[in-house]
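Subject: Structure for your review

Dear colleague,

Please find below the structure that I am handing over to you. My notes on it follow directly after it.

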Amino acid sequence: MNILITGSSGLIGSEAVRYFGAQGHDVWGIDNNLRREFFGEKGDTLWNLKGLQAAFPGFRHEAIDIRDREMILTFFRDHHFDLIIHCAAQPSHDKAAEIPFIDFEVNALGTLNLLEATRLHSPTAVFIHMSTNKVYGDAPNELPLKEHEFRYDYSMPEDFNGVREDMRIDRCLHSLFGASKTAGDVLAQEYGKYFGLKTGIFRGGCLTGPSHSGVELHGFLSYLVHVTVTDKPYTIFGYKGKQVRDQIHSYDVIRAFEEFARNPKPGEVYNLGGGRENAASVLECIQIIQAVSGKKLQYTYKEANRIGDHICYISDLGKFQKDYPSWNISRSLQNIIVEMVQSEQARQQVSVS
Ligand SMILES: NC(=O)c1ccc[n+]([C@@H]2O[C@H](COP(=O)([O-])OP(=O)(O)OC[C@H]3O[C@@H](n4cnc5c(N)ncnc54)[C@H](O)[C@@H]3O)[C@@H](O)[C@H]2O)c1
């Protein structure tokens, strides 16, 4: 297959390059390292790009900006793709409030540029759109909760497996990031439903793995591992640190994309996270990271939660598993953290030597 991956130097994009590159497909990547502009040096993804180029000499990378409509249309006119995995994005709530125009231009207009270029030049391709659970805004906070010693959890038995795709996406607080991603999400659905393009929309929970250039504003688990291993301070914002996130390894995300690409259902929407098995609160994640790394995290607590932050978010994976029964979560939260701690320790050793 001829595969195009946008955001190919980021967490999910780079995992996709590795996964499909290892299978011998022709893989193209688009990434202009805008993450560095968003988050400074710590968000720089060039280390990841260099690693991909060294591991896969056939991997072809272009530093095209997805906002550049003419460049995108020309690129698509010159190349035909069978599979497009769209992961390029401005990924942070807090950042979006600082740069509302850029956030919308990347997340909404950039997505439209790619969808229209696909419709015009690769209309038979499968188009995977990486969306987010933030399209539900803070509506998941309306689910009744109970408080435990270290975490919040759903109190109603029907919510046990988490948030389903029928959760509403409007009349709630999103952040500008959530709003621009909602625009991209609905556009991708529309290109499936209206034009019959083979689009699949995946609303991510917490996606993680060692390839994350984690920063305080984006990449919670990666950043938490980084500060613990490097003895840096950490701040918990609100909810007593009992807010729950479900963590999925980027490898399992790509396996889900592969399943969808084999048998696409145009315009379909799926929640994709670690599910109940891989859900843990901030306090519980700190406990696991400390036990794995042997380090003690110095953290402070601020009462005010991040605006619109989910109190307890677990992705109900039932719909995807019903449509694609051979897919499962292959990496447990414990495994994910062990891998991330080892990777962070290795990075620290390289920077010391
Ligand atoms: N990581 C998570 O926890 C998470 C959760 C839910 C949804 N998502 C979504 O998954 C997708 C991928 O997230 P990620 O964690 O891999 O993000 P990431 O920031 O690691 O990767 C995104 C990449 O896109 C590139 N990029 C940004 N704007 C660009 C532009 N205009 N042109 C070309 N390249 C550009 C960046 O340089 C970066 O390398 C995003 O759509 C994000 O919203 C992520």
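Which residues come nearest to the ligand? Of the 30 residues around the ligand, the nearest are Asp31, Arg35, Asp65, Lys181 and Gly205. Please keep in mind throughout that this is a predicted model.

The ligand and its surroundings

An oxygen atom of the ligand lies 3.0 Å from a backbone N or O atom of leucine 11. Aspartate 65 takes part through its side chain, where an N or O atom is 2.9 Å from a nitrogen atom of the ligand. For isoleucine 66 it is a backbone N or O atom that lies 3.0 Å from a nitrogen atom of the ligand. Taken alone, the ligand exposes 830 Å², and the protein buries 97% of that area.

The shell around the ligand consists of 14 nonpolar, twelve polar and four charged residues. Which elements supply at least two residues of this shell each? They are helix H1 (11–22), helix H2 (34–39), strand S5, helix H7 (176–193) and strand S9 (206–208). The largest share, three residues, comes from S5.

The sheet of seven strands

S5 also belongs to an open sheet of seven strands, whose order is S3-S2-S1-S4-S5-S8-S12 and whose pairing is parallel. Strand S3 (60–62) and strand S12 (268–272) each have a single partner strand and stand at the edges, so one side of each is left without a neighbour in the sheet. On average, neighbouring strands of this sheet are turned by 20° against each other, direction ignored.

As a general point, strands of a sheet pair through backbone hydrogen bonds, either parallel or antiparallel. Here, strand S1 (residues 2–6) and strand S2 (residues 26–30) run parallel and are joined by five bridges. Within this pair, isoleucine 3 stands opposite valine 27 of S2.

Two helices that lie across strands of this sheet deserve a look. Helix H4 (residues 69–78) lies across S1, S2, S3 and strand S4 (83–86), and runs at about 170° to S2. Helix H9 (residues 250–262) lies across S4, strand S5 (126–132), strand S8 (198–204) and S12, and its angle to S5 is about 140°.

Strand S11 (residues 244–249) runs antiparallel to S13, and three bridges join the two.

Yours sincerely,
A colleague

How values were computed
Residues are numbered from 1 along each chain as its sequence is written. This is a predicted model: local features need pLDDT of at least 70, side-chain atom pairs count only at pLDDT 80 or more; totals for chains, interfaces and linings use all residues. Side-chain values use heavy atoms; hydrogens and water are left out. Two strands pair if DSSP finds at least two bridges between them. Helices (H or I, at least four residues) and strands (E, at least two) are DSSP runs, numbered from the N terminus. Axes are lines fitted to C-alpha atoms, for helices over the stretch in contact, and angles run from 0 to 180 degrees between N-to-C directions. Contact means heavy atoms within 4.5 Å. A residue is near a molecule or strand if one of its heavy atoms lies within 4 Å of it. A polar contact is a pair of N or O atoms within 3.5 Å; within protein, one must be able to donate a hydrogen and the other to accept it, and residues adjacent in sequence count only if both atoms are side-chain atoms. Accessible areas come from the Shrake-Rupley method with a 1.4 Å probe; for residues, only the protein chains shown count as cover. Ala, Val, Leu, Ile, Met, Phe, Trp, Tyr, Cys and Pro count as nonpolar, Asp, Glu, Lys and Arg as charged, and the others, Gly among them, as polar.
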